[in-house]
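Here are my notes on the model you passed along. Have it open while you read.

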Number of protein chains: 2
Amino acid sequence: MNIGTAAERAGLPAKTIRYYEDIGLLRPDRQGNGYRDYSAQDVHRLRFLQRSRSLGFSVDECRQLLSLYSDKERESAEVKAIAQTKLTEVETKIAELKGLHELLSHLVAHCHGDERPDCPILDGLAGETH
Amino acid sequence: MNIGTAAERAGLPAKTIRYYEDIGLLRPDRQGNGYRDYSAQDVHRLRFLQRSRSLGFSVDECRQLLSLYSDKERESAEVKAIAQTKLTEVETKIAELKGLHELLSHLVAHCHGDERPDCPILDGLAGETH
DNA sequence: CCTTGACCTTCCAGTGACTGGAAGCCCTAT
DNA sequence: ATAGGGCTTCCAGTCACTGGAAGGTCAAGG
């Protein structure tokens, strides 16, 4: 299977797939003409990568996860620990964004948004208003 | 005022302040010995940058905001538009993270987390379970 | 058979927003 | 005199791609 098809099936740009190969995340066969040849297994790995990346795991975490995935002897505790850590990070991030949302919406609500030059948003950013 | 003091007052690393100068966000004076010399005005700008960056505005947005801030003739509508856009982005991001949180916590909850090799998290990432 | 256009290859460079580190100057205190 | 800390510049690295150039390959249409 050519890279274009694999890309479509995995939901990843071809560029990204080549990049993943560069950094050693998979090693597809080559066809006689030099084109990369993706197996169903390769596409499976790619989809795994696509999903875990979109869940916010770093490429290095994905690498760990992938190796745990292919290792039949691994303990699920390891995987759970990684996911648990990530979960905590997500919670922190949500809390931060909520604070940010409150601040921004406060600023937006108090800005009349017309042609007059004074603007509570800029004042807020400048630290003149709290 | 030396860069170290300015850094402390603005709540930014000195490295970052030099970087901001590189990309044209401010232009402090120089002392006789070649050291950068920050005025209270400069520190004000830096604090403005620190605050708006931490609110999630990109450096380019900060550049716009700063120029609107120094432009006494500007219309507050422009500023409001930028902040409004950012607010929508923040809302989207929160929604995404909530979905992610749900998925991850579901996976974590269903992983027994012991020495057995089977693990619902990896199965979930592989797309074998929904 | 030739051309066109889509797809593939490699390699190099750029993104954003810093961050780290080396080499060397400046200033103060002991 | 020397030790330390802070300052300078410049170059390189980070992360995870992304864009683009230059060129090889393949299937279809004329």
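The points below go through the chain A fold, the DNA surfaces and a few spots in chain B.

1. Ground rules first. This is a predicted model, with local features needing pLDDT of at least 70, side-chain atom pairs counting only at pLDDT 80 or more, and totals for chains, interfaces and linings using all residues. Residues are numbered from 1 along each chain as its sequence is written, while chains are lettered from A and ligands numbered from 1 in the order in which they are written.

2. Chain A has 6 helices and 2 strands (DSSP runs numbered from the N terminus: H or I of at least four residues for helices, E of at least two for strands). Read from the N terminus, the order is α-α-β-β-α-α-α-α. Of the 130 residues in chain A, 28% are buried (20 or more other C-beta atoms within 10 Å of the residue's own; 12 or fewer is exposed, in between is partly exposed, and C-beta atoms are placed from the backbone). Among chain A contacts with a separation of 6 or more, 37% link residues 24 or more positions apart (a contact means C-beta atoms, placed from the backbone, within 7 Å).

3. Now DNA strand C. It is surrounded by 17 residues, and the closest are A:Asn2, A:Gly4, A:Arg36, B:Ser58 and B:Val59 (near means a C-beta atom, placed from the backbone, within 6 Å). Helix 1 (3-10) and helix 2 (14-22) of chain A, plus helix 2 (14-22) and helix 4 (59-70) of chain B, each supply at least two residues of this surface. Helix 2 of chain B gives the largest share, 3 residues. By class, the surface has 6 nonpolar, 6 polar and 5 charged residues (Ala, Val, Leu, Ile, Met, Phe, Trp, Tyr, Cys and Pro count as nonpolar, Asp, Glu, Lys and Arg as charged, and the others, Gly among them, as polar).

4. Which residues come nearest to DNA strand D? Of the 17 around it, they are A:Asn33, A:Ser58, B:Asn2, B:Gly4 and B:Arg36. Two or more residues each come from helix 2 and helix 4 (59-70) of chain A and from helix 1 and helix 2 of chain B. The largest share, 3 residues, belongs to helix 2 of chain A.

5. In chain B, have a look at helix 1 (residues 3-10) against helix 3 (residues 40-54): their axes come within 9 Å and cross at roughly 45° (axes are lines fitted to C-alpha atoms, for helices over the stretch in contact, with angles from 0 to 180 degrees between N-to-C directions). That makes the two helices oblique (under 35 degrees is roughly parallel, over 145 roughly antiparallel, 65 to 115 roughly perpendicular, the rest oblique). B:Ala6, B:Arg9 and B:Ala10 of helix 1 meet B:Asp42, B:Val43, B:Leu46, B:Arg47 and B:Gln50 of helix 3. That contact has 4 nonpolar, 1 polar and 3 charged residues.

6. Helix 4 and helix 5 (residues 76-109) of chain B have axes that come within 10 Å and cross at roughly 160°, so they are roughly antiparallel. B:Glu61, B:Gln64, B:Leu65 and B:Leu68 of helix 4 meet B:Glu78, B:Val79 and B:Ile82 of helix 5.

7. Is B:Arg45 buried or exposed? B:Arg45 sits in helix 3 of chain B and is buried, with 21 other C-beta atoms within 10 Å. Leaving aside neighbours within four places in sequence, B:Arg45 contacts B:Leu26 and B:Leu66.

How values were computed
Two residues are in contact if their C-beta atoms, placed from the backbone, lie within 7 Å.
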